[in-house]
Amino acid sequence: MFRWYKVKLLALKGLGCGKVRRQSTDSEWLPILESSPIIKGLIFLLASLIIYRIAAWSNTGEPFEFIILAFMVTAVSVAVIALAIREIWGSNQLLLLFWGCVIFNFLLNKATHLYYPEFIERAEVALPVPVLLVPAALAPMLTCILISRYSGFIAAFLVSLFGNLFIDSTPGIFITSLLTGFAAAYFTQKIRRRSDLIMAGFRVGLVGLICALILGGGLSNPGQGELILAAVWAISLGVLTSFVVGAILPILEWLFDRITDISWLELSDLNHPLLKRLSAEAPGTYHHSLNVANLAEAGADAIEANATQCRACAYFHDIGKLAKPDYFIENLNPDNNPHDNLSPNMSALVIIAHVKEGVNLALKHHLRQPIIDVIREHHGTSMVYYFYRRALQEQEDAREGGKITGMREDDIPEVRQESFRYPGPVPRSKESAIVSLADSIESASRSIKNPTAQKIESLVKEIIDNRVEDGQLEESQLTFNELSILARQFTSSIKNMLHSRIAYPKEKKERERRESSIQNHEERPEPATGQSSEDAQATA
């Protein structure tokens, strides 16, 4: 509010345009809430109370027994999550999402167990498959897609444990529920399309049917009709579970600010207005972004990072160049270089400003936060070396000229490194670091003359080593082993991009022209005395 008022005052005095640049600021209190142990304890306490209420629903047992059991189970889950899923343990938001999915699945299983017999009586048909087997796949599917595959397996274990303790303690049903949940987590590890989700539900239904046949669980010596009916119900409920997951996913993505691979694919649409502008106004930058996307995706696949996220972020990482596309080398007109009329400091300022302009455009078009982070971080705090060296050269020339004209040393402008460095921050995730490396390597590879495997390998290694030495990858969570894998993958990809082409033979006319030229040369008279053969060829 006060900032807006100050801007208006400056505009009234003629010292400003009255507009405020959009900014992506890091909130100070959100990280505290994310890692607060008090909030973490409250989440576990709330989860214990809800589990107790669901367990005691329509149950004639002792309430005190259910309370103790609910708190003991929650304590076990705390240990499992803390040891097995560090990502969830470090984020209260993800912890709330995880427990929400598990408790919702537990509630669904409890309701199914209570109302399943009544439903059979009203339907007056024999439904041999226990319905509570298939809903065990709901929480594993959701957590695997929204958080990680490890969280999906832990969710499957907890849902099966709660069902065995508070719903039905039959060993066959427990094992069937556990295996169905594991299958759900396994089949939803790499969901990229809605159709993949439906296929995962189909497979989960098959696993539930096979487990019920092998372990019992309502199917003992089934006849042909019962087997067909069981198969139809198992597969239908598996597919229905996938439909429910597909319906809930967008809501949970919005509530908890999560982005699934399905959403990343939607963000990778090249018909986005910003990308269409980039292709029309800065075609060189657009082509560069496509190459960076291919490099980053291949590198992310090699180290099992999020390849779809890398591709989407790479598409948008240079959208800030739309503000002044002609000032960047990939769009530069060699006959009219605008940097010829600028000082090195001003040129560096224009180049560095494309990061802020990119963030401004991303906020204007409501792009997701990970994309904005990559736009801010893909250059880190690195230096614009070309213009820095040019500034140093001009400073040295000024000193040499000052010796002749008697200029004082204090009158020579100082060259500060800070003026030629990007504002940062450095990449803070694996995906952001991969896009940053791919951007630098793709740009540098264009300058290789007569590319060979050795030249490409040396270039990639040099860029990665320089980034490490400059501290640009300190917060990226990349290990040295992963950097080595990335170097090999980037080298292989660049080799394929810069592969040599076959020199095709000339057309017939070109051959005839060459033969005619040779024949004319043979018929040319010998040079005169005192004139060399080189001079004769020059005058011919």
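Me: How many salt bridges does the count come to?
Reply: The count comes to 15 salt bridges, where a salt bridge is a side-chain nitrogen of Lys or Arg within 4 Å of a carboxyl oxygen of Asp or Glu. The model is predicted, so local features need pLDDT of at least 70 and side-chain atom pairs count only at pLDDT 80 or more, while totals for chains, interfaces and linings use all residues. Residues are numbered from 1 along each chain as its sequence is written, and side-chain values use heavy atoms, with hydrogens and water left out.

Me: What makes Asp-257 and Arg-368 a salt bridge?
Reply: Their closest N and O atoms are 3.2 Å apart, and the rule asks for a distance within 4 Å, so the pair qualifies.

Me: Which parts does the pair of Asp-257 and Arg-368 tie together?
Reply: Asp-257 is in the loop between helix H11 (224–256) and helix H12 (261–267), and Arg-368 is in the loop between H16 and helix H17 (369–377), so the pair ties together parts that are 111 residues apart in sequence. Helices here are DSSP runs of H or I with at least four residues, strands are runs of E with at least two, and both are numbered from the N terminus. The protein has 23 helices and 0 strands.

Me: Why is Asp-257 called partly exposed?
Reply: Its relative accessibility is 49%. Buried means under 20% relative accessible area and exposed means over 50%, with partly exposed in between (1.4 Å probe, protein chains only). Asp-257 therefore counts as partly exposed, and Arg-368, at 23%, is also partly exposed.

Me: What is the distance between Asp-465 and Lys-461 in their salt bridge, N to O?
Reply: The distance is 2.9 Å. The two residues are 4 apart in helix H20, so about one helical turn separates them. An α-helix has 3.6 residues a turn, so residues three or four places apart point the same way. Lys-461 is exposed at 52%, whereas Asp-465 is partly exposed at 30%.

Me: What makes Arg-416 and Glu-418 a salt bridge?
Reply: The closest N and O atoms are 3.9 Å apart, and the limit is 4 Å, so the pair counts. Arg-416 is partly exposed at 45%, and Glu-418 is exposed at 54%.

Me: Where is the kink in H16 centred?
Reply: The kink is centred on His-354 and is about 30°; the bend at a residue is the angle between axes fitted to the seven residues ending there and the seven starting there.
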